[in-house]
Amino acid sequence: MDHEKVNEFLGRFVSDLAATDAAGSVVIGQRLGLYRALAEGPATPEQFAERTGCHLRYLTEWLRGQAAGGYVSYEPETGQFSLTEEQAFCLADPNGPNVPTAFLISLGMLRAEPRITEAFRTGAGVGWHEHDEDVFVGCDAFYRPGYVAELIPSWIPALDGVEAKLTAGALVADVGCGLGSSSVLLAEAYPRTTVVGSDYHADSIALARKGAAEAGLADRVSFEVATAQTFTGTGYDLVTMFDCLHDMGDPLGAARRVREALAQDGTWLLVEPFASDRVEENFNPVGRLFYSASTFLCVPNGLSQPGGYALGAQAGEAAIREVITEAGFTRFRRSAQTSFNVVYEIRP
């Protein structure tokens with residue numbers, strides 16, 4: 001046994017365990033608005049307690065732990081903690097990367113560990129709707145900034161002729177819309193366009209309707225509780241799916257339904273997690289993140305539904321292309337990509 005390699009592995013373990021344990025503290029910071037409060041300016045624990053109204057002893061331990069992890073800055077001479085501009089952007093700005101909400105997803109999905117463990121033994125599925133509410137709320141809050149940054153500025157313009165249609169006034173189906181952030185973004189950007197969002201999770205649809213009403217878009221954005229295989233309507237100029245096809249037990253049925261629902265010259269915008277077809281090329285921090293989430297969320301959901309698929313978050317382009325081609329589509333191309341997502345343009 002090489003003891004240097006043992007120590008190297010143990011060093012990796014300590015980093016992983018520290019990050020795992022710190023997830024709860026990050027979520028506490030998000031729930032209590034502690035990051036936003038610290039972004040207002042440097043503070044000692046005593047000053048921070050006055051600013052936030054929270055208990056001094058808890059705050060002291062929280063601040064020190066955050067500083068130890070590099071999420072908060074510390075000045076020994078003054079005893080003050082603070083956020084740099086970059087830390088504040090990532091931790092306190094809901095329109096930034098909104099890092100704390102990713103930990104909210106993680107804690108939410110880990111609450112299902114006993115059921116997932118049992119599913120390993122039985123092969124049974126665990127549906128999306130069976131997870132803690134933090135999973136749904138966290139996903140919407142975490143993914144929304146990425147959609148804000150990319151959907152209207154980059155992804156729509158990368159599609160052939162779609163931006164002009166949306167500007168003139170189009171009919172859009174946002175399938176697997178979750179809490180409806182993508183539906184609202186499309187309607188806000190294109191005032192002449194009507195969007196119909198659908199998701200099988202009734203609680204998410206209730207929140208989506210509330211969000212559209214608060215945005216003043218209820219007249220142009222509607223929602224229905226429906227699966228990707230049963231959403232209603234035809235003649236859609238654009239069908240969108242954001243990070244959801246790989247979760248479905250029957251992605252082929254969903255693809256066939258999209259083909260039926262599209263207008264003759266319509267377009268399917270499909271956004272999926274970034275993944276290589278070569279498994280070993282996904283052995284990196286992003287791949288590890290996606291495989292872990294997929295073990296708890298994506299694969300169990302696929303196995304909970306009829307259809308025989310469980311693609312998972314790292315399915316890769318070849319697996320997606322196979323589904324699309326079997327559904328009868330003739331045009332499939334990668335139109336854009338980011339560090340986390342691949343965007344496909346699909347046409348009949």
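**Helix packing, a pocket and a cavity**

In this predicted model, helix α3, which spans residues 45–52, packs against α4 at an angle of about 120 degrees, and the axes of the two helices lie 9 Å apart. Angles over 145 degrees count as roughly antiparallel and those from 65 to 115 as roughly perpendicular, with the remaining range between them called oblique, and the angle found here therefore makes α3 oblique to α4. The sense of this crossing is right-handed. On the α3 side the contact is formed by Pro45, Glu46, Phe48, Ala49 and Thr52, and on the α4 side by Leu56, Leu59, Thr60, Trp62 and Leu63. Sorted by class, the residues of the contact of α3 with α4 comprise seven nonpolar, two polar and one charged.

By class, the lining of the second largest pocket is made up of 10 nonpolar, four polar and one charged residues.

To the contact α1 brings Ala19, Ala23, Gly24, Val26, Val27, Gln30 and Arg31, while α6 brings Pro100, Thr101, Phe103, Leu104 and Leu107. Taken by class, eight nonpolar, three polar and one charged residues make up the contact of α1 with α6.

A further helix pair is found between α7 and α13. Helix α7 (residues 113–122) and helix α13 (residues 285–304) pack with their axes 11 Å apart and at an angle of about 60 degrees. With an angle of this size, α7 and α13 are therefore also described as oblique to each other, and α7 passes α13 in a left-handed crossing. The residues that meet are Glu113, Ile116 and Phe120 from α7 and Thr295, Phe296 and Pro300 from α13. Of the residues in the contact of α7 with α13, four are nonpolar, one is polar and one is charged.

When the whole structure is searched, one cavity of 30 Å³ or more is found, and the volume of the largest cavity is about 50 Å³. Lining the largest cavity are Glu272, Pro273, Ala275, Ala313, Ala315, Gly316, Glu317, Ile320, Val342 and Tyr344. The elements that each supply at least two residues of this lining are the strand β7 (262–273), the helix α14 (317–326) and the strand β9 (341–347). In terms of class, the lining of the largest cavity divides into seven nonpolar, one polar and two charged residues.

Technical notes
Residues are numbered from 1 along each chain as its sequence is written. This is a predicted model: local features need pLDDT of at least 70, side-chain atom pairs count only at pLDDT 80 or more; totals for chains, interfaces and linings use all residues. Side-chain values use heavy atoms; hydrogens and water are left out. Ala, Val, Leu, Ile, Met, Phe, Trp, Tyr, Cys and Pro count as nonpolar, Asp, Glu, Lys and Arg as charged, and the others, Gly among them, as polar. Contact means heavy atoms within 4.5 Å. Helices (H or I, at least four residues) and strands (E, at least two) are DSSP runs, numbered from the N terminus. On a 1 Å grid over the protein atoms alone, a cavity is a set of points where a 1.4 Å probe fits but cannot get out, and a pocket is an open set with protein on both sides within 12 Å along at least five of seven lines; lining residues have an atom within 4 Å of a point. Grid points are joined across faces, edges and corners, and a volume is the space filled by probe spheres set on the points. Axes are lines fitted to C-alpha atoms, for helices over the stretch in contact, and angles run from 0 to 180 degrees between N-to-C directions. Angles under 35 degrees count as roughly parallel, over 145 as roughly antiparallel, 65 to 115 as roughly perpendicular and the rest as oblique. A crossing is left-handed if the near helix is turned anticlockwise from the far one by less than a right angle, and right-handed if clockwise.
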